Amino acid sequence: MLVAFSVAPSGTGPQTPAAGPSASVHDAVAAAVQIVRESGLPNSTDAMFTTLEGEWDEVMDVIRRATEAVGQYGSRVSLVLKADIRPGHTGELTGKVERLEKALGELDEYSGHA
């Protein structure tokens with residue numbers, strides 16, 4: 001399965017050593033992304049979401065831990081999830097993009113924009 005998620009703190013929470021007195025949202029996001037990268041699961045981060053690939057339990061465990069890390073930066077946490085659950089398929093984190101690029105190349109050839 002692929003799960004794209006976005007997590008961010010809101011409100012004010014206790015100042016912990018991890019958060020510090022002048023913590024910003026990017027510090028919280030960095031804490032979450034560090035957990036994702038240390039998980040060993042295939043992942044990709046862009047300006048809006050981090051996408052993970054793996055089995056249900058392992059992906060959700062990483063998202064839970066990332067959300068808990070962000071919770072240190074505020075009294076509330078906003079979490080957005082989008083999942084593509086396709087049993088029996090792996091390598092889709094890159095495979096979907098490769099198929100898209102191939103289709104775009106074929107469109108360019110067909111329309112004469114090579």
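I started in strand E4, where leucine 79 is the bridge partner of valine 7. Before going on, I noted that this is a predicted model, in which local features need pLDDT of at least 70, side-chain atom pairs count only at pLDDT 80 or more, and totals for chains, interfaces and linings use all residues. Residues are numbered from 1 along each chain as its sequence is written, and side-chain values use heavy atoms, with hydrogens and water left out.

**Entry: the sheet**

I looked up the strand order next. The open sheet has four strands, E2-E3-E1-E4, with antiparallel pairing. E2 (43–45) and E4 (76–84) are at the edges with a single partner strand each, so one side of each has no neighbour in the sheet. From one strand to the next, the twist averages 20°. My labels are DSSP runs numbered from the N terminus: helices (H or I) have at least four residues, strands (E) at least two. Two strands pair if DSSP finds at least two bridges between them.

I then checked the pairings of E1. E1 and E4 are antiparallel over nine bridges. E1 (residues 2–10) also pairs with E3 in the antiparallel sense, over four bridges. In that pairing, alanine 4 has threonine 51 of E3 as its bridge partner, and leucine 2 stands opposite glutamate 53.

**Entry: the helices**

I found helix H1 (residues 25–38) packed on the sheet, where H1 touches E1, E2 and E3 (contact: heavy atoms within 4.5 Å). The direction of H1 makes about 145° with that of E1. Helix H2 (residues 56–70) lies across E1, E3 and E4 and runs at about 15° to E1. For these angles, axes are lines fitted to C-alpha atoms, for helices over the stretch in contact, and angles run from 0 to 180 degrees between N-to-C directions.

**Entry: glutamate 53**

A polar atom of its side chain lies 2.8 Å from the backbone nitrogen of glycine 91, and one lies 3.1 Å from the backbone nitrogen of leucine 93.

Technical notes:
A polar contact is a pair of N or O atoms within 3.5 Å; within protein, one must be able to donate a hydrogen and the other to accept it, and residues adjacent in sequence count only if both atoms are side-chain atoms.
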